[in-house]
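Subject: The structure I promised you

Hi,

Here is the structure we talked about, ready for you to open and turn around on your screen. Have a look first, then read on for what turned up in it.

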Amino acid sequence: MTTASDPNDRDARAAALAIAGALGAGVAHELRNTLAAIESALYLARRHAEDRARLGEHLARAENEVRKGQAVIDRVLGLARGEPLDVEPASVAEIVACAERELFDVNATIEVRVAPPDLEVVCDRILIERVIANLLLNARDALEGRARGRIVVRALAAGEAVMVDVEDDGPGIDPAIAPRIFEPSVTSKPTGTGLGLALCRIIAHAHGGTIEALGAPSGGALFRLTLPAKSAD
């Protein structure tokens, strides 16, 4: 005897498959970021091949990018498998500083404000660093072609949560895609994949947090990540 499946079960399975698909695409997105960083480091290594000190720095960066890329992909695959997050107290200032190191060839002034300076959040540090890095890379791309731009990262305690804003003074979010900005494959970049923000949302939700796309007072884009200050018991 055949019975109709529960529509709620079908919806739940469809939602789970959508998340798994976005996470799988997120692995490809992060691999692409890692390869771009390695390519940049090797390019600089070739330029400074005669300067042993600088050559060593560039090669060390390429090696570090390989290790970091492997760690990120392992964490994202863990999310896809439903594994628990590897959370611990982490310095927000250090997370932002590590994410900022991924910016290269950026023609912008970058300001970082963390209050209090020793602000911490309980999180999977590698995954939250990826969220901040993706937001910074998007801000950099939004300023492409500008003589000079400005990126501001603000982090502060907000009650029982930690709020991190990444703001730029670029052209802002295209109104045509704003309502779907966190959906996979939605992008306004000619060479974009539309996967970075989708992955950011999945990571934020996995931490019990949220991420929003807002308009900045400057007319640019402002992305707000909000995370619980402490892990759930």
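Which residues line the second largest cavity? Keep in mind that this is a predicted model. The lining is made up of Val 92, Ile 95, Val 96, Val 121, Ile 128, Ile 132, Val 162, Val 164, Leu 225 and Leu 227. Helix H3 (92-100), helix H4 (125-142), S5 and S7 each give two or more residues to that lining. H3 provides the largest share, with 3 residues. Sorted by class, the lining has 10 nonpolar residues, and no polar or charged ones. The space inside comes to about 50 Å³. A search of the whole structure gave 2 cavities of 30 Å³ or more.

Next, the sheet. Five strands build an open sheet in the order S2-S4-S5-S7-S6, and the pairing is mixed. Strand S2 (108-115) and strand S6 (210-215) are at the edges; each has a single partner strand, so one side of each has no neighbour in the sheet. From one strand to the next, the twist averages 15°.

Strand S4 (residues 149-158) and S5 run antiparallel and are joined by 8 bridges. If you want a place to start, find Val 152, whose bridge partner in S5 is Glu 167. S6 and S7 are also antiparallel, with 6 bridges, and here Thr 210 stands opposite Thr 226 in S7. These two strands form a hairpin with 5 residues between them. In that turn, Gly 219 has a positive phi of about 100°. While you are tracing strands, remember that side chains in a regular strand alternate between the two faces of the sheet.

Now for the aromatic rings. How many aromatic pairs does a search of the whole structure find? The search finds 1. The partners are Phe 182 and Phe 223, in an edge-to-face arrangement with 6.2 Å from centre to centre and 85° between the planes. This pair links distant parts of the chain, as its members are 41 residues apart. Phe 182 is in the loop between strand S5 (161-168) and helix H5 (196-206), while Phe 223 belongs to strand S7 (residues 221-228).

Why is H5 described as largely enclosed by the rest of the structure? Because 8 of its 11 residues are buried. The buried residues are Gly 196, Leu 197, Ala 198, Leu 199, Cys 200, Ile 202, Ile 203 and Ala 204. After H5 comes Gly 208, with a positive phi near 75°.

One last stop is Ala 90, which sits in strand S1 (residues 88-91). With a relative accessibility of 5%, Ala 90 counts as buried. Ala 90 and Asp 118 are 28 residues apart in sequence, and their C-alpha atoms are 9.6 Å apart in space.

Happy browsing, and send me any questions!

Key
Residues numbered from 1 in each chain as written. Predicted model: local features only at pLDDT ≥ 70, side-chain atom pairs only at ≥ 80, totals over all residues. Heavy atoms only, no water. Phe/Tyr/Trp six-rings, centres within 6.5 Å; stacked < 30°, edge-to-face > 60°. Helix = DSSP H or I, 4+ residues; strand = E, 2+ residues; numbered from the N terminus. 1 Å grid on protein atoms, 1.4 Å probe; cavity = no way out; pocket = protein on both sides within 12 Å on 5 of 7 lines; lining within 4 Å. Points joined across faces, edges and corners; volume = space filled by probe spheres on them. Nonpolar A, V, L, I, M, F, W, Y, C, P; charged D, E, K, R; others polar. Pairing = 2+ DSSP bridges. Axes fitted to C-alpha atoms, helices over the stretch in contact; angles between N-to-C directions. Buried < 20%, exposed > 50% of the residue type's maximum accessible area, 1.4 Å probe, protein only.
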